[in-house]
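Here are my notes on the model you sent. Keep the structure open beside them and check each point as you go.

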Amino acid sequence: PTKLADGSTIPGANHAIAYPTFSPDSNWIAFHVADYATACNPSGCTAAATDTGALYMQNVSGATPIELATLTNSSPDPADHNLSFEPTFNPVERGGYFWVVFTSERNWGNEIVGTPNAGQKRLWVAAVDSKTGTTDPSHPAFFLEGQVETTANMRGFWALAACIATKGGGA
């Protein structure tokens with residue numbers, strides 16, 4: 001067995017590691033590091049529950065974890081930083097990228113509006129370079145339209161297209 005990250009290896013106050021997800025090539029594991037492993041708090045998992053968290057990636061070799069800072073701290077409003085949780089990789093690499101869906105409580109749009117950390121958990125998607133070294137391989141995330149603003153959207157998952165039989169009987 002190879003020991004991977006534990007809370008003591010992560011800088012800062014957050015040390016609860018949870019929601020691991022393997023990259024499509026199985027060489028990386030993304031996870032969140034938060035105040036609470038559940039991305040909730042002692043008051044529960046309602047829209048009123050707030051937490052702070054960041055996304056990280058670590059090579060399965062046990063190398064030092066890399067913060068996905070672009071996904072955690074790219075908002076122009078510092079009050080929206082450290083509000084990213086529950087990553088899930090798409091199981092298939094596309095266009096030279098690993099794609100990850102994650103939950104964030106940050107505001108969204110092209111201007112700073114609303115109350116930061118308002119507890120409205122929404123789904124975001126981002127590309128992560130498939131050829132990764134020791135620096136942040138993530139790219140700016142985009143918000144998934146069509147989410148109900150009054151619900152506490154939680155963890156996203158990917159669904160692959162169904163297999164389609166090909167000429168000759170293969171799938």
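1. Confidence first, since this is a predicted model. Strand E6 (residues 97-104) has the highest mean pLDDT among the elements, at 94. Strand E8 (residues 142-143) has the lowest, at 86. The chain as a whole averages a pLDDT of 81. Of its residues, 80% score at least 70.

2. Look at the open sheet next. Its 4 strands come in the order E1-E2-E3-E4, with antiparallel pairing. Strand E1 (16-22) and strand E4 (66-67) are the edges, and each pairs on one side only. Between E1 and strand E2 (residues 28-34) there are 5 bridges.

3. Now turn to E5 and E6. These strands run antiparallel and are joined by 4 bridges. Thr88 sits opposite Val101 in E6. Is strand E5 (residues 84-89) enclosed or open? It is largely enclosed by the rest of the structure, because 6 of its 6 residues are buried.

4. Which residues have the most contacts inside the largest nonpolar core? They are Met57, Leu71, Phe89 and Phe102, in a core of 16 residues. E2, strand E3 (53-59), E6 and strand E7 (122-129) each give two or more residues to this core. A second, separate core has 7 residues, including Ala5, Ile10, Ile29 and Phe31. As background, nonpolar side chains tend to be buried together in soluble globular proteins.

5. Leaving aside residues up to four places away in sequence, Met57 touches Trp28, Ile29, Ala30 and Phe31, among others. Its contacts also include Pro65, Ile66, Leu68, Phe89 and Val128. Thr132 and Pro137 are on the list too.

6. The structure holds 4 aromatic pairs. One of them is stacked: the ring centres of Phe31 and Tyr56 lie 6.1 Å apart, with the planes at 10°. This pair links distant parts of the chain, as Phe31 is in strand E2 and Tyr56 in strand E3, 25 residues apart. Phe31 counts as buried at 4% relative accessibility. Tyr56 also counts as buried, at 6%.

7. Compare the pair Trp124 and Phe143. Their ring centres are 5.6 Å apart and their planes stand at 70°, so this pair is edge-to-face. Trp124 belongs to strand E7 and Phe143 to strand E8, 19 residues apart. Trp124 is buried at 7% relative accessibility. Phe143 is buried as well, with a relative accessible area of 11%.

Note on methods:
Residues are numbered from 1 along each chain as its sequence is written. Side-chain values use heavy atoms; hydrogens and water are left out. pLDDT is the predictor's confidence in each residue, from 0 to 100. Buried means under 20% relative accessible area, exposed over 50%, partly exposed in between (1.4 Å probe, protein chains only). Two strands pair if DSSP finds at least two bridges between them. A nonpolar core is a set of buried Ala, Val, Leu, Ile, Met, Phe, Trp, Tyr and Cys residues joined through side-chain atoms within 4.5 Å. Contact means heavy atoms within 4.5 Å. Rings of Phe, Tyr and Trp (its six-membered ring) pair if their centres lie within 6.5 Å; planes under 30 degrees apart count as stacked, over 60 as edge-to-face and the rest as tilted.
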